[in-house]
Amino acid sequence: MIKCIASDMDGTLLTATQTITDENIAAIKKAQEKGIEVVVATGRSYQEAIFVLEEAGLECPIICANGAEVRSAQGQIVSNSPLDKDLAKRTANALTKLEVYYEVYTNQGTYTVDKNKGIKIMADIFLSGNQEADVEEVLKAAEERFEKGLVHKVDSYDVLFESEDHQIYKLLAFTFNPESMKEAEEALQDFEGLIISSSGHGNLELTSKSAQKGVALEAFVREKGISLEETMALGDNYNDLSMFKVVGRAVAMGNADDYIKSQCHTVTLTNEESGVGKAILDVL
């Protein structure tokens, strides 16, 4: 019997226009009414995740930044696993040298040094996994990250690396140049303590070794007195694999690539077809 459901957000719970369908909302609330623990496990910062959940009228715990931070349903920080500052700076310097754009996720939000590039690249990321989506609507959703204060502009990332008030949770790098992507992965693969994953075409998610969705989910269910065998995880990309490897029921989205699907027990509908809602109703 499933007692906990963990769902990724982008490409999974969310459509290309960054909304949660009515079918998904209804299924989540039905699961919660039956006493099932529902937790969101996302690469997003808490600020970007809670914004969408509140719009949908949903309240649940959130595993943020691939597990670098875990928040209760009320928004309290339960645990965090930030990157070592020196490791974060070395990673940032390597990306800068290769001229790869990246954003920095911290305990106080997400930061960029180039707002226009951030909007364009995020829109491209949304569209890469949902090619049938309306371009104007996707661009509007990407711009909303900045308009709502979910991403902040800084002149230099050094202010974050040197600040005692900022903990570095994740560096999210973007490039649609395959050669640049390969060079970045090769440059970073020997950085001890750094985990390299991906949440979509053209990006790299760079976190501490202890900041992985599977690691955070394992600690989360243990605290709740739930076994991993009684846990279902839903996702669509490579940063979801650490969850898929440990849960009793791993569910790939219909829009996931074939390798991700091959690592799961079953495949549901796409994110545009309310695949999360269907998977939840199937186990209910």
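Ground rules before going on. I am looking at a predicted model, where local features need pLDDT of at least 70, side-chain atom pairs count only at pLDDT 80 or more, and totals for chains, interfaces and linings use all residues. Residues are numbered from 1 along each chain as its sequence is written, and side-chain values use heavy atoms, with hydrogens and water left out.

I looked up the volume of the second largest pocket and got about 280 Å³. Nineteen residues line this pocket, and V70, V78, S79, A216 and F220 are the closest to its centre. A pocket here is an open set of points on a 1 Å grid over the protein atoms alone, where a 1.4 Å probe fits, with protein on both sides within 12 Å along at least five of seven lines; lining residues have an atom within 4 Å of a point. Points are joined across faces, edges and corners, and the volume is the space filled by probe spheres set on them. α9 gives the largest share of the lining, six residues. By type I get nine nonpolar, six polar and four charged.

**The hairpin**

Next I followed β4 and β5, which run antiparallel and are joined by three bridges. Strands pair if DSSP finds at least two bridges between them. V70 sits opposite S79 in β5. Five residues separate the two strands of this hairpin, and G75 in the turn has a positive phi of about 95 degrees. S72 is in the loop between β4 and β5. Is S72 buried or exposed? It counts as buried, because its relative accessibility is 14%, and buried means under 20% relative accessible area, exposed over 50%, partly exposed in between (1.4 Å probe, protein chains only).

**The core**

Then I checked the largest nonpolar core, which has 32 residues; I5, I20, L53, I62, M232 and I280 have the most contacts inside it. Such a core is a set of buried Ala, Val, Leu, Ile, Met, Phe, Trp, Tyr and Cys residues joined through side-chain atoms within 4.5 Å. Several elements each supply at least two of its residues, including α3 (46–55), β3 (62–64) and α12 (275–283). The largest share, six residues, is from α3. I picked L53 and listed its contacts beyond four places in sequence: M9, L13, I20, V40, L58, C60 and I62.

In β2, four of the five residues are buried. β2 runs parallel to β3, with two bridges, and V40 stands opposite I62 in β3.

Most residues other than glycine have a negative phi. A65 is not a glycine, yet its phi is positive, about 50 degrees. I found A65 in the loop between β3 and β4, buried with a relative accessible area of 1%. E99 also has a positive phi, near 60 degrees. E99 is in the loop between α4 (85–97) and β6 (101–106), and is exposed at 73% relative accessible area.

Definitions and conventions: Ala, Val, Leu, Ile, Met, Phe, Trp, Tyr, Cys and Pro count as nonpolar, Asp, Glu, Lys and Arg as charged, and the others, Gly among them, as polar. Contact means heavy atoms within 4.5 Å.
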